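Please read the following points alongside the sequence and the coordinates. They begin with a sheet and its packing, and then turn to a helix and a chain contact.

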Amino acid sequence: MEKNMLDILIIGSGGAGLSSALSSKEAGASVLVVGKSYPTASQTSMAQGGMNASLGNVTPDSIQAHIDDTIKSAHELCNKEMVKQLCEDAPKSIEWLEQLGVPFDRTAENRVAQRQLGGASSKRACYAQDYTGLKILHTLYDTCLKEGIEMREEYFLLNLITDNGIGGFSPEQDEAKAVDSKSPKNITVLGATFLDIVTGEVKEIRAKNTIIATGGYGGLYKNFSTNSEGATGDGIAVVLRAGGYLSDMEFVQFHPTALKGSATLISESARGEGGYLVNTKGERFIDELLPRDVVARAIASQITQGEEVFLDLRHLGEEKLLTLMPQEVHLCKLHENIDPVHQLIPIKPVAHYSMGGIDVNENLEVTGLKNCYAVGECSNAKVHGANRLGGNSLLEIISLGRLAGKNAVGCVFQRTDKTNKTTTKQLESDQEYIEGLLEEYPWEKNFYTIQNKLGEDFYKYAGIVRDNTELNNLLNELRVIKADLDNMGIGDKNKENNTNLVDFLQFQNILEVGEVVLDASLVRDESRGAHYKTAFPNEENKLYKAHSVYWIEDKVLQNKLVKVVS
Amino acid sequence: MQIKINRQNNIESFELPFQSSTLLKALYHIKNNEDNSLTFSSSCRSGVCGTCAVRVNGKEVLACSYTIQEGDLVEPLAYHEVQRDLKVNKQKVRETLKQATAWLQQSQEATITQEHIHLTEKQSDCILCDSCYSSCPVLEVNPNFIGPFALTRAYRYTADPRERDIQAIIDNIQSNGIWDCTLCGNCTEVCPQGIDPKMDITMLRGTASQFGYRDPNFQAMDFGFGGGF
């Protein structure tokens, strides 16, 4: 191996990134984890309900039942081999977390406790009260500190460095790409460029292998999403700009129960423990434990009919609520001024999880790019298909996170490459772009206002129920915004700690990812899982039992449908 | 409604069009509509990521979980390097976790009961918002003090039946650690998660004494009488 050359660059410091880091390190590689915020600030901290594994500690269960439930929820769009591998690895993943010290709740027999989540045929979700993601994430973080894993906070991903010319935000940056555009399959990733948020400097980090674990794109539905401010699909946009492939981007899961005013998540465990959904008349209108897409549509339908929808937990009693769902009780009081022990909780369904993402193969290698892996919500490993089961995302980030780390190391040691010798102009290009934003761009239009409006329009027109005319109008609106970016820019011209600049870069990523979401939604003239069109209410297997795949070639967004085999 | 923000020791007032709002929503309103350069940190908006802690009228709160009042003065966390406006450097403060070696030292097989889980349920709710650190008066006189959150985390692992080597943690929190705390309870008062670091530090002192450590302050006050009274 070359000396001083980083083996594995991990971009994103949530559960998937930290799991990859630990397994890469364990396999003997040098590892650097880079993230735009602090590791414990990631989306993983927000996962409440639990992590699936067919331990059968509470009710009888089997790996096969876990596989069957996952495949059923995926509506034919999954890779059954990947699902099988994930479900088989689930008990081992729980065991690994147990060894690291994750404080999972216990049964009376001192085994890991498990609860019911929607779409599951058994009590399968292992939990730590309703802080499951938080406690897993912090335990992973503690373990990373113990293992001396190097982490770099507040580094915002700008672009991948490849041997295929320059990818970038602006048309001027993309210009250089046309000159030596290679066939997409031969693009090699050499590392990535970052904005060091604190200093304002643009820097490059070279590595033999890069793992992208940057999270989903729920932030597209701004103010109508349970996701954090940073769920802006950065890694997904970056892969697209570098010539890699995305898939199934039209599949966005809407969580049935977020607080009406603040879009704050109320965990599915609230229904799992026996909570009811009722309308203004006090009537229940749906089996609360059906899969999320079905429940979300039922609620949306009530709201369309002029009803308000509430979560009713009153019958569970104060003691049970405070023991099992302390966080929910707190959030209701804070954001809605509601005490769920005595009052109904006003709710609405909001964007929650991105099933689509960076297209990867069974080894989690990014399609179209060499030496590059993707894992977690930013990726589409085809384990969730058209609709993710509650409890399977924490499982994915741990199980596949570890797999990505292991696989990436495996090929590092086999390879002798010249990653750090290949010169590219990516760094210069990105430096010029950032300097331009700070110096030249006017600020004639406020992008925050535009982004808020776009978020609401995505919720209305590319949300739970879709229609081609509305999708088309929204796609036009988005393209007008893209063409108008030169008139936006940033008002804050300071170089250091410029969060206005970061917000603007994230907005550009949202626009690129959003365009693919809309186009893919338009193409899919059927209803499947989370994607529902009133005019096409059925699954059309003949045409659409297929993954929708997107990439950029010769500066144009290309797409194809790839049939699902088996 | 009006709030004031301390920006690089310059107090600026902002008029807000809300009757009631979380502080975070108010900060975003200002940044999005009035002054793009207002700088603060936030992420999850629901009190679990620990990013948005600030001080309001001298007391630590999470901006996303605090309802603003007329005339509030908003300031960055104390004992952190202020990078800009309300944004602080948490990297240096996180070094205390390494100093305390607040992790599972040596994992062993153990029977874990729900009672064990309850014992450190609160401690493992920590979101690393640094509120407790900012409220701690010991840091005024000893900037090297490990501080409340890292000690709570150390306790969380010492109380875990899976920990085989409790002494390793205890050894690492002697210097600038458990004995430097004055047990004033500020940390307990400001913790948004209801954690009680003061109690955790007291528990750690108890464990330390089992390993033969004694309060060095007490020894210093002992004036040669042998302490045997």
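1. In chain A, four strands make up an open sheet in the order E12-E15-E14-E13, with antiparallel pairing (strands are DSSP runs of E of at least two residues and helices runs of H or I of at least four, numbered from the N terminus; two strands pair if DSSP finds at least two bridges between them). Its edge strands, each pairing on one side only, are E12 (252-259) and E13 (276-279) of chain A.

2. This is a predicted model, in which local features need pLDDT of at least 70 and side-chain atom pairs count only at pLDDT 80 or more, while totals for chains, interfaces and linings use all residues. Residues are numbered from 1 along each chain as its sequence is written, and chains are lettered from A and ligands numbered from 1 in the order in which they are written.

3. E12(A) and E15(A) (residues 345-354) run antiparallel and are joined by six bridges; A:Gln253 has A:Tyr353 of E15(A) as its bridge partner.

4. Helix H3(A), residues 80-100, bends by about 40° at A:Ala90, with A:Pro91 following within four residues (the bend is the angle between axes fitted to the seven residues ending at a residue and the seven starting there). Just after H3(A), A:Gly101 adopts a positive phi of about 110°.

5. Between the chains, 40 residues of chain A are in contact with 40 residues of chain B (C-beta atoms, placed from the backbone, within 7 Å). On the chain A side, H4(A) gives the most, with seven residues.

Notes:
Contact = placed C-beta atoms within 7 Å.
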